[in-house]
Amino acid sequence: VQLSREGMTGSKDSFGRVGLLEEGTGEPYSNAVGYLSYQSFSNSTMYIGDLDTLLTNGRLGETNKASLQAIYNNTVSTFGEEMARRVIQQLIATTPAFHTTSSVERKNGKKRLPAPTALPAEVEYKAIVVFNLFGGLDSFNVLVPKDGGDCSDLYSDYRRERGIAGMLDKNLLPINATGSGQPCTDFGVHMKLPSFKKIYDAGHGIFLANFGHLSKPVTKYDWRLETRTDLFSHFKMNQEAQKVDAFHEQAGTGVLGRLLDIMQEKKNMTVGPIAIDTVTVMLDGKPHLGRPVDILPDNRGKRLDFSPELQAAIENLNSDTRINSGIFSNYFSQTLINTMDKTDTLWEYLNTPIRDISGLRGNNFEQVLKMIGSASSRGVNREAFFVELGGFDTHSSVIPSLDDKLPTVDEAIDGFYNGLNEMNMLDKVTTIIISEFGRTISPNTNDGSDHGWGGNYFLFGGGLEGRRILGNYPEGFAESDPTNIGRGRILPTKSWDALWYGVSRWYGVDDDTDMD
């Protein structure tokens, strides 16, 4: 639709690479490097018939073609033939005939209504927010043993093995891990993440030490034979972290999607999967439930930008059908009408003023706060959110790269944490900061670190008992250490399953069969 309307442009909301061209003159396609065009020398009826053949293989049907003909005639009298043709292209792109191969001719003359909203269960609201740092965060520079206390020996080992890729003690913010069962208690957090220290010291946050993908417990001697995945691959390890389905028992689903499935099917709760300005398998549930993931814009709310006349035309082209109409076309039309209705509803909530969160991902977390704040009005029991930030593939200059990237993480998390506190929702929202894998302890020749395995992550909210480091931080970093599998890659001692076991229990999963 956007391609037909504006051509290939550089606008963020258009079809084409952002920054492709500067602002246009305001004339049709003035800032486009390409656009859809079909030059027909026939009359309008034949033009619509040609597009029907080209774009839908003749599936539009006589009823829809008659509707398009009337719209063409009205548009051409006011705006001219070029605009009329562009409008027809846009409208055909909204029809089930364009998107499916089913028959859509059997209409019953009724307007298609949005599906009714499910009634919420009488339970408190809970949400999970995942902040994925894509690229492989060098998280052994985020949680580091500190010099000068009982971690001094471990810090010396860390500095010896990390060299130029390691953190200096003066650049660490101290935290205490007493009672965590770690090799020592005096740790430090990267100086660019003061929000992590603030949340941890307030008793609201925990670190997860040396977590990662594991299909079974392995050692440095058998991991090559016993690990059945493409270790050290960005795509594959990102998928493993988001699916948490090592044996591919529920293909195509993500861990958050499956959690929502259980809440919906077993607990009769109203649920919502929401990604901010991205797509992710993590939110995908069982296909037979037909629950789409809502993808919100990164800032405020947006509506389908159609005139009332075109909006009515789209509704007419997707009007109700008889029971013997094509199942796929019916599903498309119902989904489109549902989406248009939901977009209008969410627009009100997403344009409600809320606390400003600074930084590159501030707008993303403002969107999440708005949705959490409106959960009661929207009648939602359980939600899951996904936000992503890339740029952590630090093969060169890892220390200055982290100094540059981590403030964006800190600003987002600090603003989001403060917002949850102000809304009195901190105990009802669990926020998890993860990455697909850690990085090598040993530096490379570019003062960077390469793809590793185990890493350290952060979790807060959800009424958890904070000021702890869970998991098993390495007792050493040398090649002889049991967790060093070579080249400074650290073997994780806890799987992603261990993280999600506790989160799932808090979320409301109380059946051991469901946990499996």
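A residue is called buried when its relative accessible area is under 20%, exposed when it is over 50%, and partly exposed in between. At 26% relative accessibility, Arg355 therefore counts as partly exposed in this predicted model.

Arg355 pairs with Glu422 in a salt bridge, and their closest N and O atoms are 2.5 Å apart. Glu422 has 55% relative accessibility, so it counts as exposed.

The search of the whole structure gives 22 salt bridges, and a few others deserve a look. Within helix α6, Asp157 and Arg160 lie 3 residues apart, about one turn of the helix. Their closest N and O atoms are 2.7 Å apart in the salt bridge that they form. Another salt bridge joins Lys126 to Glu124, with 3.9 Å between the closest N and O atoms. Here Lys126 is buried, at 12% relative accessibility, while Glu124 is partly exposed, at 43%. Salt bridges can also join into a network, as they do for Asp52, Glu62 and Lys65.

A further kind of link involves cysteines. A disulfide is a covalent bond between the sulfur atoms of two cysteines. The count for this model comes to 1 disulfide. It is formed by Cys151 and Cys184, whose sulfur atoms are 1.9 Å apart. This pair, too, links distant parts of the chain: Cys151 is in the loop between β2 (143–145) and α6 (152–162), and Cys184 is in the loop between β3 (172–176) and β4 (186–190), 33 residues apart. The link is right-handed, with 100° about the S-S bond, and both Cys151 and Cys184 are buried.

How many of the 12 residues of α13 are buried? The number is 10, so the helix is largely enclosed by the rest of the structure. Among the buried residues of α13 are Phe365, Val368, Leu369 and Ile372, together with Glu366 and Lys370.

Conventions: Residues are numbered from 1 along each chain as its sequence is written. This is a predicted model: local features need pLDDT of at least 70, side-chain atom pairs count only at pLDDT 80 or more; totals for chains, interfaces and linings use all residues. Side-chain values use heavy atoms; hydrogens and water are left out. Buried means under 20% relative accessible area, exposed over 50%, partly exposed in between (1.4 Å probe, protein chains only). Helices (H or I, at least four residues) and strands (E, at least two) are DSSP runs, numbered from the N terminus. A disulfide is a pair of cysteine sulfur atoms within 2.5 Å. A salt bridge is a side-chain nitrogen of Lys or Arg within 4 Å of a carboxyl oxygen of Asp or Glu.
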